[in-house]
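Hi,

Here is the structure I promised to pass on. Have a look at it first, and then read my notes below.

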Amino acid sequence: MYTLSKIADEYCVAEDDLDYYANSHNINLGNKRKSLQQLLPFIEDVPDRVFKTLNESHTEFQYEDKKISIYQDDAISFLKKLPPNSVDVIVTDPAYSGMNNKLKLGKGRIVGKYSDKGTSEGKWFSEFEDSEENYTLFLSECKRVLKESTGHIYLMFDSFSLLSLGNVVRDFFDVKNIITWDKVNIGMGHYYRRRHEYVIFSTNGNTRKIKNRSFPDVWQFKRIHNSKYPTQKPVEVFQAMIYASTEDKFTVCDPFLGSASSAIAAIKNNCNFIGCDISDKAMEISKERIGEYLSSGVDILQKKSSAIESGKVFWE
Ligand SMILES: C[S@@+](CC[C@H](N)C(=O)[O-])C[C@H]1O[C@@H](n2cnc3c(N)ncnc32)[C@H](O)[C@@H]1O
């Protein structure tokens, strides 16, 4: 039997408030699908629901009236614990296994490059198994946690994973564009040296627009050299996504947090943030970086802007 109490429980809202809303809007629970659609505008507006289901060990930061909460967990297991329709925007940069497994670059595996600083297996972090089956599971959880009214999602891809997994995104989301991140300087590669990555931008079926129609789909931000965390991305890459797709107090989620570049970008855009990473090292670095940024305004992992002309970014 579908009851208000079950919905309140599943969606993490107060039953009395839900009851009041249902009564004042003459919502009849007889038809589960229809009644849920009618209740969603209320449910999606209840603040902070996203933080309510995760009680295990996490680190939480507060700034103004907003929260940043980070967890050590596997991405899929973490997303499964979040309430449905509780996140406004997902921005994420998964550790795809394909590129490393198939294309051995330079002296070996990319994530093994810093082996002297990493884990006992000689790697900094584990990779996310990028089979179609696993990616489908991951996207179905992203879909479940994203709000219907506001949900936007930005998924980063290297060229290998774009071809093998990019098509799956369409099974779940309304793909609007593929953005090219031009890293300005060349990297490794035997057949044309790599200078770019991709970001698939999609909505969760809604028609919410980005902030400005004149934003381009090629972004030039210099790659980070000698980063403290391998695969660390410039904060500006995430800032572009978050600036274009959020309003004040929106909740942004990154389930492959790495060194927390996305969390710093969320703070710069006055958003709440929730994220996770499976690795000890990522959690250690992220806690230090977010804490220091909130207390002193200094980003200890990225001291300089990655814009080509320092400080000049397309959204300002
Ligand atoms: C490409 S890095 C993210 C880098 C990040 N964007 C930054 O700027 O620092 C991917 C991250 O995914 C994490 N990871 C790998 N497998 C994971 C999993 N199953 N669940 C959650 N995180 C995972 C790795 O530990 C790594 O930190």
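A quick word on naming before anything else: helices (H or I, at least four residues) and strands (E, at least two) are DSSP runs, numbered from the N terminus. This is a predicted model, so local features need pLDDT of at least 70 and side-chain atom pairs count only at pLDDT 80 or more, while totals for chains, interfaces and linings use all residues. Residues are numbered from 1 along each chain as its sequence is written, and side-chain values use heavy atoms, with hydrogens and water left out.

Let me start with Asp 73, which sits in the loop between strand E2 (66-72) and helix H4 (75-81). Its relative accessibility is 13%, so Asp 73 counts as buried (under 20% relative accessible area; exposed is over 50% and partly exposed is in between, with a 1.4 Å probe and protein chains only). Its side chain has a polar contact of 2.7 Å with the side chain of Ser 77, and another of 2.5 Å with the side chain of Lys 81. By polar contact I mean a pair of N or O atoms within 3.5 Å; within protein, one must be able to donate a hydrogen and the other to accept it, and residues adjacent in sequence count only if both atoms are side-chain atoms. If you set aside neighbours within four places in sequence, Asp 73 is in contact (heavy atoms within 4.5 Å) with Glu 56, Phe 78, Lys 81, Cys 276, Asp 277 and Ile 278.

Asp 277 turns up again at the ligand. There, 23 residues surround the molecule, and the closest are Asp 74, Tyr 229, Ser 259, Ser 261 and Asp 277; a residue is near if one of its heavy atoms lies within 4 Å. By class, this shell holds 10 nonpolar, seven polar and six charged residues (nonpolar: Ala, Val, Leu, Ile, Met, Phe, Trp, Tyr, Cys and Pro; charged: Asp, Glu, Lys and Arg; polar: the others, Gly among them). As for distances, a polar side-chain atom of Tyr 229 is 2.6 Å from a ligand oxygen atom, and one of Ser 261 is 2.7 Å from a ligand oxygen atom. Lys 233 takes part through its backbone, with a polar atom 2.8 Å from an oxygen atom of the ligand. On its own the ligand has 600 Å² of accessible area, and the protein covers 98% of it (Shrake-Rupley method with a 1.4 Å probe).

In H1 (residues 4-11), the buried residues are Leu 4, Ile 7, Ala 8 and Tyr 11. Why are they on the same side of H1? Because they cover an arc of only 100 degrees around the axis, taken from the directions from the helix axis to the C-beta atoms. These buried residues pack against helix H2 (15-24) and helix H3 (32-45). After H1 comes Cys 12, with a positive phi near 60 degrees.

Ser 24 belongs to H2 and, at 42% relative accessibility, counts as partly exposed. Its side chain reaches the backbone oxygen of Tyr 20 at 2.8 Å and makes a polar contact of 3.3 Å with the side chain of His 25.

Asp 48, in the loop between H3 and strand E1 (58-63), is not a glycine but has a positive phi of about 70 degrees. Asn 226 has a positive phi near 50 degrees and is exposed, at 78% relative accessible area.

Cheers
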